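Reader: I'm new to this one and would like to learn how to read it. Could you put it up and walk me through it?

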Amino acid sequence: MHCALYTAGTCRSCQWLDKPYLQQLADKQQDLRDLLSDLPVDEWGEPVTGAESAFRNKAKMVVSGSVERPLLGMLHRDGTPVDLCDCPLYPASFPAVFPLLKTFIARAGLTPYNVARKRGELKFLLLTESRKDGGMMLRFVLRSDAKLAQLRAALPWLQQQLPQLKVISANLQPVHMAILEGDTEIPLTDVQRLEEDFNHVPLFIRPQSFFQTNPGVAEKLYATARDWVRARGDIRSMWDLFCGVGGFGLHCATPQMKLTGIEISAEAISCAKESAARLGLQNVEFQALDSTGFATGKGEVPDLVLVNPPRRGIGKALCEYLSRMAPDTILYSSCNAQTMAQDLALLPDYHILRVQLFDMFPHTAHYEVMALLVRR
């Protein structure tokens, strides 16, 4: 992948861009093998890949510059802004949208937030696209509601220019820290979710719910989880912990299976419930709870527990509880192989049947990994 921003030295977020792609994959696979070197693995799958460019469905843009000439991109540590509108990781539809967003910022009088001076209102623009129909979600992250009336008044012009904007909202993030968004979300359109479709499973994206940023590889990840679960035979009950919008559980569920999905985000749970209803699944329960708290407070033992935790992993308390609870099968999906390896070492009663790497983040050292564990 060629990137003029990388060549010019203005953005080095893709740290491995100079490294041939096959070498990137080999280095990631070796890193994973090294991390799991003390844990026997029966079967190593080949790395699963997708597109090397234009694979992201989301842009997280720091807004800087002036209200008349805003910049969309990032800030270096010294405060120097970099405009990333030409980033080749974004889909082909994004470059035509960014100039209109800049014009809108000026029309609406949304003063970019100045980090050094702690002044201004507009901190970030978050743009997400659905592969299913090209619909887009746009979120304005503001310091306060001071410019909210101006934003609302100017929106009809933007919606006329960009009819693909199905979901628009404002998020209030008043804290002077490197935090992407706050707790308060203010809807600016009647529709507040995008629809996606992975492997004929409907999934929904709401403003404050997590959704994979590489849908091509995520679709393969969910399909692999489904295949691994079905290969285990008659799974009658399953917990999907840290379930997000339900991608894993909904792929693995059958009409006969009892599926329980747990996720702290109420927005994500709302999406998962809508997907389950669309699929006609009756024996499904999704709840907005802390996954560790839920699991350690239950007496029942499901046949299979699927965990897809944030980068910190599932931690000692949940590992110890899973060991005591002793489900027959654990499916562990992780965006941080280092914490996954630490967790797996805390599950000595389980044997690793399969491991597979999913290259969700080309040109960086990051990757997704999934491991299938069975009780000894």
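Author: Let's start at one residue. Thr 364 touches Ser 13, Cys 14, Gln 15, Trp 16, Gln 24 and Lys 28, leaving out residues up to four places away in sequence. Contact here means heavy atoms within 4.5 Å. Before we go on, this is a predicted model, where local features need pLDDT of at least 70 and side-chain atom pairs count only at pLDDT 80 or more, while totals for chains, interfaces and linings use all residues. Residues are numbered from 1 along each chain as its sequence is written, and side-chain values use heavy atoms, with hydrogens and water left out.

Reader: Where does Thr 364 lie?

Author: Thr 364 is in the loop between strand S16 (350–358) and strand S17 (368–375). Those labels come from DSSP runs, numbered from the N terminus: helices are H or I with at least four residues, strands are E with at least two. Thr 364 and Arg 12 are 352 residues apart in sequence, yet their C-alpha atoms are 9.9 Å apart in space.

Reader: Is Thr 364 buried or exposed?

Author: The general idea is relative accessible area: buried means under 20%, exposed over 50%, and partly exposed in between, using a 1.4 Å probe and protein chains only. Thr 364 has 11%, so it is buried.

Reader: How do I read the radius of gyration of the protein chain?

Author: The radius is taken over C-alpha atoms, and the globule rule is 2.2 Å times the number of residues to the power 0.38. With 376 residues, a compact globule would come out near 21 Å, and the protein chain has 22 Å, so the two agree. The C-alpha atoms fill a box of roughly 65 × 45 × 35 Å along the principal axes.

Reader: How many positive and negative side chains are there in the protein chain?

Author: Lys and Arg count as positive, Asp and Glu as negative, with His and the chain ends not counted. Each charge is placed at NZ of Lys, CZ of Arg, CG of Asp or CD of Glu. The protein chain has 40 positive and 41 negative side chains, and the centres of the two sets lie 5 Å apart.

Reader: On to cysteines. What is the count of disulfides?

Author: A disulfide is a covalent bond between the sulfur atoms of two cysteines. The rule used here is a pair of cysteine sulfur atoms within 2.5 Å, and by it the count is 0. Take Cys 85: its closest cysteine sulfur, in Cys 87, is 9.9 Å away, so that is too far for a bond. Cys 243 is in no disulfide either, as the nearest cysteine sulfur, that of Cys 271, is 10 Å away. Cys 85 has 10% relative accessibility, so it counts as buried; Cys 243, at 6%, is buried too.

Reader: Which residue has a positive phi of about 55° although it is not a glycine?

Author: Phi is a backbone angle to check residue by residue. Asn 199 has that value, and Asn 199 sits in the loop between strand S9 (194–198) and strand S10 (201–205). With 24% relative accessible area, Asn 199 is partly exposed. Phe 242 also has a positive phi, near 55°. Phe 242 is in the loop between strand S11 (237–241) and helix H6 (247–252), and at 11% relative accessibility it counts as buried.
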